[in-house]
Amino acid sequence: MSLADLVDAVAPPKPLLESPSGLRVSFEFFPPKTEKMQESLWQSIHRLAPLGPAFVSVTYGAGGSTRERTHATVTAIQAETGIPAAAHLTCVAATQEEIDAVARAYWDAGIRHIVALRGDPPPRPDGTGGLGGTGYQPHPGGYAYAADLVAGLKRVADFEISVACFPEVHPEARSAEDDLDNLRRKVDAGACRAISQFFFDPDAFLRFRDKAAARGIDIPLVPGVMPIMNFAKAVEMGGKCNCAVPAWMTDLFDGLDETPETRQLVAATVAVEQCRYLEREGVKQFHFYTLNRAELTVAICHMLGVRAKRPPTA
């Protein structure tokens, strides 16, 4: 059975832009490095755009390394698709004045949504820094942390600002309580939404949601979903982000490295079940880390009832 066959067999016949419960989705992309990657990105965008996402976001490389490519990709997506596009912006490797100038350029280009992050410095030769590293140091004259960046962006213009949250605790946080306090600071500075780091245990997100509510954090918390395209890489990324991989998932993907079609079927089923579980608990929006590939995300959304509108029949 192919992935398309699984979709048709499992998905309910709902020709809807949203599910009956009002489920909405958003998608994350990264700026392409090559012409071939550019082509792949736009193929994915054109496949996902008909699903009517609430927004799409484009990442920002470590150390601000993709600043120009992020700007070009964000503005092109919004101009060519009409979908609200959000630009990731970080604190690293820039002064406040430089970051403010980038923000003003986004505003002038019609971009009204920023995903404000502390960011990770590029890896150093000694192995510190980078994703999940412990070598972060605020840039001299820059915004020190995400809460400072949020406040600075709000001074530049009335941006819609999303921030990050970590259901299983940021790997550099001193404690879960300290991590929640940091999220509260970002909310107090003006954040209107928090998008979670990906996770594989939906109960971890629900526990986090309850703890955040108890701290008075009342902005939407949007679960980040990463469809598994390569299990070994997912485990590696999870280790850097403090994301636990359940033993049952390791067993489920065991032996599928050389059978990509079967792996896709399993990955789609796992993601759909996780999303349905969260939807039953009141979650109404999901943010998909697409890795610039559309097939799995399209299949998952289809099975959740999020589909393109069908043209009216004559």
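How do α7 and α10 lie relative to each other, roughly parallel or roughly antiparallel? Before you pick them out, some housekeeping: this is a predicted model, where local features need pLDDT of at least 70, side-chain atom pairs count only at pLDDT 80 or more, and totals for chains, interfaces and linings use all residues. Residues are numbered from 1 along each chain as its sequence is written, and side-chain values use heavy atoms, leaving out hydrogens and water.

Now select residues 202–214 for helix α7 and 260–280 for helix α10; helices are DSSP runs of H or I, at least four residues, and strands are runs of E, at least two, numbered from the N terminus. Their axes, lines fitted to C-alpha atoms over the stretch in contact, come within 10 Å and cross at roughly 30°. The two helices are therefore roughly parallel, the word for angles under 35 degrees. Show side chains for P202, D203, F205 and L206 on α7, and Q274, Y277 and L278 on α10: these make the contact, meaning heavy atoms within 4.5 Å.

Keep α7 selected and look at what it lies across: β5, β6 and β7 (221–225), with α7 running at about 160° to β7.

Next, pick residues 160–165 (β5) and 193–198 (β6), parallel strands joined by four bridges; DSSP must find at least two for strands to pair. Click V163 and you'll find its bridge partner, A194, in β6.

Finally, zoom out. Eight strands close into a barrel, running in order from β1 to β8 with parallel pairing. The whole protein has eleven helices and eight strands.

How values were computed: Axes are lines fitted to C-alpha atoms, for helices over the stretch in contact, and angles run from 0 to 180 degrees between N-to-C directions. Angles under 35 degrees count as roughly parallel, over 145 as roughly antiparallel, 65 to 115 as roughly perpendicular and the rest as oblique.
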